[in-house]
Amino acid sequence: MLFKVEMTVNIPASLPKDQADAIKAEEKAYSQRLQREGKWLHIWRVAGLYANVSIFDVADNQELHDILTGLPLYPFMTMSVQPLCRHPSSVNS
Ligand SMILES: O=C(O)C[C@H]1C=CC(=O)O1
(Lines give C-alpha, C1' and ligand atoms only; values in the text may rest on other atoms or scores of the structure.)
Protein backbone atom coordinates (compact mmCIF):
# COMPACT_ATOMS: atom_id res chain seq x y z
CA MET A 1 0.00 0.00 0.00
CA LEU A 2 1.29 3.42 -0.98
CA PHE A 3 0.99 6.51 1.18
CA LYS A 4 2.04 10.11 0.79
CA VAL A 5 3.21 11.57 4.09
CA GLU A 6 4.03 15.22 4.69
CA MET A 7 6.16 15.81 7.78
CA THR A 8 6.94 19.17 9.31
CA VAL A 9 9.55 19.38 12.05
CA ASN A 10 9.34 21.85 14.92
CA ILE A 11 12.19 21.37 17.39
CA PRO A 12 11.72 23.70 20.34
CA ALA A 13 14.49 26.28 20.82
CA SER A 14 14.70 25.11 24.44
CA LEU A 15 16.08 21.68 23.39
CA PRO A 16 19.87 21.74 23.82
CA LYS A 17 21.72 21.64 20.47
CA ASP A 18 23.68 18.46 21.30
CA GLN A 19 20.42 16.61 22.07
CA ALA A 20 18.78 17.91 18.88
CA ASP A 21 21.82 16.88 16.83
CA ALA A 22 21.76 13.37 18.37
CA ILE A 23 18.06 12.93 17.55
CA LYS A 24 18.65 14.16 13.96
CA ALA A 25 21.48 11.62 13.54
CA GLU A 26 19.19 8.81 14.80
CA GLU A 27 16.46 10.02 12.45
CA LYS A 28 18.82 9.93 9.46
CA ALA A 29 19.92 6.36 10.21
CA TYR A 30 16.31 5.22 10.78
CA SER A 31 15.16 6.86 7.54
CA GLN A 32 18.03 5.48 5.48
CA ARG A 33 17.47 1.94 6.82
CA LEU A 34 13.81 2.08 5.73
CA GLN A 35 14.84 3.50 2.31
CA ARG A 36 17.29 0.63 1.83
CA GLU A 37 14.55 -1.85 2.85
CA GLY A 38 12.29 -0.41 0.13
CA LYS A 39 9.61 0.84 2.52
CA TRP A 40 10.45 4.56 2.25
CA LEU A 41 10.42 5.04 -1.54
CA HIS A 42 10.91 8.81 -1.81
CA ILE A 43 11.86 11.68 0.45
CA TRP A 44 11.92 15.24 -0.84
CA ARG A 45 12.68 18.43 1.03
CA VAL A 46 9.96 21.07 0.76
CA ALA A 47 11.93 24.10 -0.40
CA GLY A 48 12.30 26.75 2.27
CA LEU A 49 10.79 24.65 5.07
CA TYR A 50 12.00 22.12 7.64
CA ALA A 51 9.54 19.71 6.06
CA ASN A 52 9.48 16.79 3.66
CA VAL A 53 7.14 14.96 1.34
CA SER A 54 7.64 11.21 1.44
CA ILE A 55 6.18 8.14 -0.24
CA PHE A 56 5.95 4.90 1.73
CA ASP A 57 5.21 1.39 0.46
CA VAL A 58 3.99 -0.67 3.41
CA ALA A 59 1.86 -3.74 4.05
CA ASP A 60 -0.97 -1.95 5.82
CA ASN A 61 -2.04 1.03 7.94
CA GLN A 62 -0.59 -0.54 11.06
CA GLU A 63 2.89 -0.85 9.54
CA LEU A 64 2.79 2.81 8.45
CA HIS A 65 1.65 3.83 11.93
CA ASP A 66 4.47 1.87 13.55
CA ILE A 67 7.08 3.38 11.20
CA LEU A 68 5.86 6.95 11.67
CA THR A 69 5.47 6.80 15.43
CA GLY A 70 8.94 5.21 15.63
CA LEU A 71 10.62 8.21 14.00
CA PRO A 72 13.10 9.70 16.48
CA LEU A 73 11.81 13.17 15.54
CA TYR A 74 8.16 12.06 15.86
CA PRO A 75 7.59 14.00 19.13
CA PHE A 76 8.57 17.18 17.26
CA MET A 77 6.60 16.57 14.06
CA THR A 78 3.22 17.33 12.64
CA MET A 79 2.09 15.04 9.81
CA SER A 80 -0.50 14.57 7.18
CA VAL A 81 -1.06 11.12 5.65
CA GLN A 82 -2.87 10.35 2.42
CA PRO A 83 -3.42 6.92 0.86
CA LEU A 84 -2.53 6.62 -2.84
CA CYS A 85 -3.85 4.44 -5.61
CA ARG A 86 -2.93 3.96 -9.23
CA HIS A 87 -3.71 6.84 -11.59
CA PRO A 88 -5.67 5.66 -14.65
CA SER A 89 -3.34 7.61 -16.97
CA SER A 90 -0.13 6.23 -15.49
CA VAL A 91 2.11 4.34 -17.93
CA ASN A 92 3.98 2.71 -15.03
CA SER A 93 2.86 -0.64 -13.70
O1 LIG B 1 14.58 16.32 7.73
C2 LIG B 1 13.38 15.94 7.75
O3 LIG B 1 12.59 16.20 6.85
C4 LIG B 1 12.87 15.14 8.92
C5 LIG B 1 13.28 13.75 8.93
C6 LIG B 1 12.73 12.80 7.99
C7 LIG B 1 13.70 11.98 7.59
C8 LIG B 1 14.92 12.44 8.09
O9 LIG B 1 16.04 11.97 7.93
O10 LIG B 1 14.69 13.57 8.80
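**The ligand site in its fold**

Modeller: From the N terminus on, the elements of the protein follow the order β-α-β-β-α-β. This is a predicted model, and its two helices and four strands provide the setting for the site. Along its principal axes, the C-alpha trace of the protein spans about 50 × 25 × 20 Å. Over residues 1-89, helix accounts for 33% of the chain and strand for 33%, while the end C-alpha atoms lie 19 Å apart. For residues 1-89, the UniProt record, an unreviewed entry, lists "domain: Muconolactone isomerase".

The residues around the ligand are Val9, Glu27, Lys28, Ser31, Trp40, Ile43, Arg45, Tyr50, Asn52 and Met77. Taken alone, the ligand exposes 280 Å², of which the protein buries 87%. Helix H1 (17-36) supplies at least two residues of this shell, and E2 likewise supplies at least two.

In Arg45, a polar side-chain atom lies 2.7 Å from an oxygen atom of the ligand. In Asn52, an N or O atom of the side chain is 2.8 Å from an oxygen atom of the ligand.

The strand pairing at the site can now be considered. Strand E2 covers residues 40-45 and strand E3 covers residues 51-57; the two pair in the antiparallel sense over five bridges. Ile43, one of the residues surrounding the ligand, has Ser54 in E3 as its bridge partner. In a regular strand, the side chains alternate between the two faces of the sheet.

The hairpin of E2 and E3 has five residues between the strands. Within this hairpin, Gly48 takes a positive phi near 85°. Tyr50 also belongs to the shell around the ligand.

Polar side-chain atoms of Arg45 and Asn52 lie 2.7 Å and 2.8 Å, respectively, from an oxygen atom of the ligand.

Key: Residues numbered from 1 in each chain as written. Predicted model: local features only at pLDDT ≥ 70, side-chain atom pairs only at ≥ 80, totals over all residues. Heavy atoms only, no water. Pairing = 2+ DSSP bridges. UniProt positions renumbered as here; feature names shortened; annotations may be inferred. Near = heavy atom within 4 Å. Polar contact = N/O pair within 3.5 Å; in protein donor to acceptor, adjacent residues only side chain to side chain. Areas by Shrake-Rupley, 256 points an atom, 1.4 Å probe, with all protein chains shown as cover.
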